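This report covers backbone geometry, salt bridges and surface charge. Please keep the sequence and the 3D view open alongside it.

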Amino acid sequence: MPTEYMLNSLDRLAITLESARKEIGTVKISGRVTQVSADSVRISGLSKAVCLGDLVVLQGRDARRQSEVIRLDQQDVIVKPFERSNDIGIGAAADLMGGLAIHPDDSWKGRVISALGRPMDRRGSLRPGPAAFLLDREPPHSMERGRVDTPVRTGVRVIDLFTPMCIGQRLGIFAGSGVGKSTLLGMLAGFGQFDTVVVGLVGERGREVREFIDDILGEALTKTVVVAATGDESPMMRRLAPRTAMSVAEYFRDRGQSVLLILDSATRFAHAARDVAMAAGEPPVARGYTPSVFSDLARLLERAGPGLSGKGNITAIVSVLVDGDDHNDPVSDTLRGLLDGHVILSREIAENGRYPPVDVLKSTSRLANRAWTDDQKELILRLKGLIARYEDTLDLRLMGGYQAGADETTDKACQLVPKIYENLRQTANSRDLGDPFMELARALYA
């Protein structure tokens, strides 16, 4: 066979394959709804074409409803809609749309968006960016990430002194309901010289979203992207919101920016992930939580932190709503191991009127040694010792069982610790960007 004829045949074959590929790419893959329940929808005809996490659009009576694949069987697919599904009937069309993705852009700063990347602030449509960002991206490779070693001042004295932060760190705020978690997050929202702030509000009351934007962010909204999924929205939306916020933060990080990410709260994300997993048939193993909840938490939080060496970073502050004030519940215990430090808020301290109600003896930052000098570290260790002695002897002193002069350390604790507590007191609208150690020294020797 002549060589020229072989080449022409190969060229014709390549052209035919390319044409077929383009034609196949435009084919719509669809199935039909066969079962509808309160928390999921069963579809036939898609099981050979979809993967877990793919987006499927259901044709409802009133509108098209987006849903996510949560389980695959040999014959059927189980999906969970992002919105209400009471207008979806048997036989409704179900179209495969591929993986979940958003298209972030610099113009999103100053905007409030939903977990699906839709505008919520009634300021017009969002301009899509040039690249798609999947909502389940892989974190940077562990051996290629930058190091966390640059201290940053928050303006909250109790944190700057006892649990100092570094750029690229992931810090958890642990508290029961009504203790002051959201207030402290508001105090931290505008700290540091960050290029961009991304706020993920998960399961919040509807009024709190507006209050957080107007009262707490204020002028800082111009460099902030807010992703919100309120408590009345579906578990799918509440499970999606932190992933959307993380993807937006990764977009700005990949552009070399320093990003502050605030997630409130990881516990409500865990609750939503549990609901979705149980709808998929996964059994609960730890106080009602399914195994995938803990892997979802680890996968989400590992995406924060430093980016590739020489590139941007994501400094994350994650709130944790402690169920029943039990700091050893499964979610709290898991998150303490995943984060780079934890700040514990005490209901007892809050009831005594001392805000922020941070328990300095139970709070810790794993990167504090990179923020403290040797002298500062020695001072803080001594102060913690005095605070521990003051708290341990409180009942004894209240009963009159201790006489002044009996123990030098206890006497010093009684003299200095009330001054320390008074120095740590701050209101919600006050931030101190001076040197916290100098302020503390002036308070102790006043």
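Arg-122 counts as exposed because its relative accessibility is 84%. Exposed means over 50% relative accessible area, buried means under 20%, and partly exposed lies in between (1.4 Å probe, protein chains only). Arg-122 lies in the loop between β8 (112-113) and β9 (133-134). Its phi is positive, near 55°, and Arg-122 is not a glycine. Most residues other than glycine have a negative phi.

Arg-287 also has a positive phi, about 50°, without being a glycine. Its place is in the loop between α6 (266-279) and α7 (291-302). Arg-287 is exposed, at 56% relative accessible area.

## Model and conventions

This is a predicted model: local features need pLDDT of at least 70, side-chain atom pairs count only at pLDDT 80 or more, and totals for chains, interfaces and linings use all residues. Residues are numbered from 1 along each chain as its sequence is written, and side-chain values use heavy atoms, with hydrogens and water left out.

Helices (H or I, at least four residues) and strands (E, at least two) are DSSP runs, numbered from the N terminus.

## Overall build

The protein has 13 helices and 19 strands. Its C-alpha atoms fill a box of roughly 105 × 55 × 40 Å along the principal axes. Of the 446 residues, 51% are buried. The accessible surface is about 21,500 Å², and carbon and sulfur atoms account for 50% of it. Accessible areas come from the Shrake-Rupley method with a 1.4 Å probe; for residues, only the protein chains shown count as cover.

Contact means heavy atoms within 4.5 Å. Take the contacts between residues at least 6 apart in sequence: 71% of them join residues at least 24 apart.

## Cis peptide bonds

Most peptide bonds are trans. The bond from Asp-264 to Ser-265 is cis, with omega near 5°. Ser-265 sits in the loop between β15 (258-264) and α6.

Tyr-355 and Pro-356 are also joined by a cis peptide bond, with omega about -5°. Pro-356 is in the loop between α9 and β19 (364-365).

## Salt bridges

Side chains of opposite charge can pair when their charged atoms come close. A salt bridge here is a side-chain nitrogen of Lys or Arg within 4 Å of a carboxyl oxygen of Asp or Glu. By this rule the count is 32.

Glu-83 and Arg-118 form one, at 3.6 Å from N to O. Glu-83 is in the loop between β5 and β6 (93-99), and Arg-118 is in the loop between β8 and β9; the two are 35 residues apart. Glu-83 is partly exposed, at 32% relative accessible area. Arg-118 is partly exposed too, at 37%. In another salt bridge, the closest N and O atoms of Arg-303 and Glu-250 are 2.9 Å apart. Arg-303 lies in the loop between α7 and β16 (305-306), and Glu-250 lies in helix α5 (residues 235-254), 53 residues apart. Both residues are buried.

Asp-326 and Arg-287 meet in a salt bridge at 2.9 Å, N to O. Asp-326 is in the loop between β17 (313-321) and α8 (330-338) and Arg-287 in the loop between α6 and α7, so the pair ties together parts 39 residues apart in sequence. Asp-326 is partly exposed, with a relative accessible area of 26%. Elsewhere, salt bridges that share partners join Arg-137, Glu-250, Arg-253, Asp-254 and Arg-303 into one network.

## Surface charge

The protein has 57 positive and 59 negative charges, and their mean positions are 3 Å apart. Lys and Arg count as positive, Asp and Glu as negative; His and the chain ends are not counted. Each charge is placed at NZ of Lys, CZ of Arg, CG of Asp or CD of Glu.

Which residues form a negative surface patch? They are Glu-348, Glu-351, Glu-391 and Asp-392. Patch residues have over 30% relative accessible area and no salt bridge, and like charges are joined within 9 Å. Helices α9 (347-351) and α10 (374-392) each supply at least two of the patch residues. Asp-392 is in α10 and is exposed, at 66% relative accessible area.

Key: Patches are made of residues with over 30% relative accessible area and no salt bridge: like charges are joined within 9 Å, nonpolar side chains (Val, Leu, Ile, Met, Phe, Trp, Tyr) within 5 Å.
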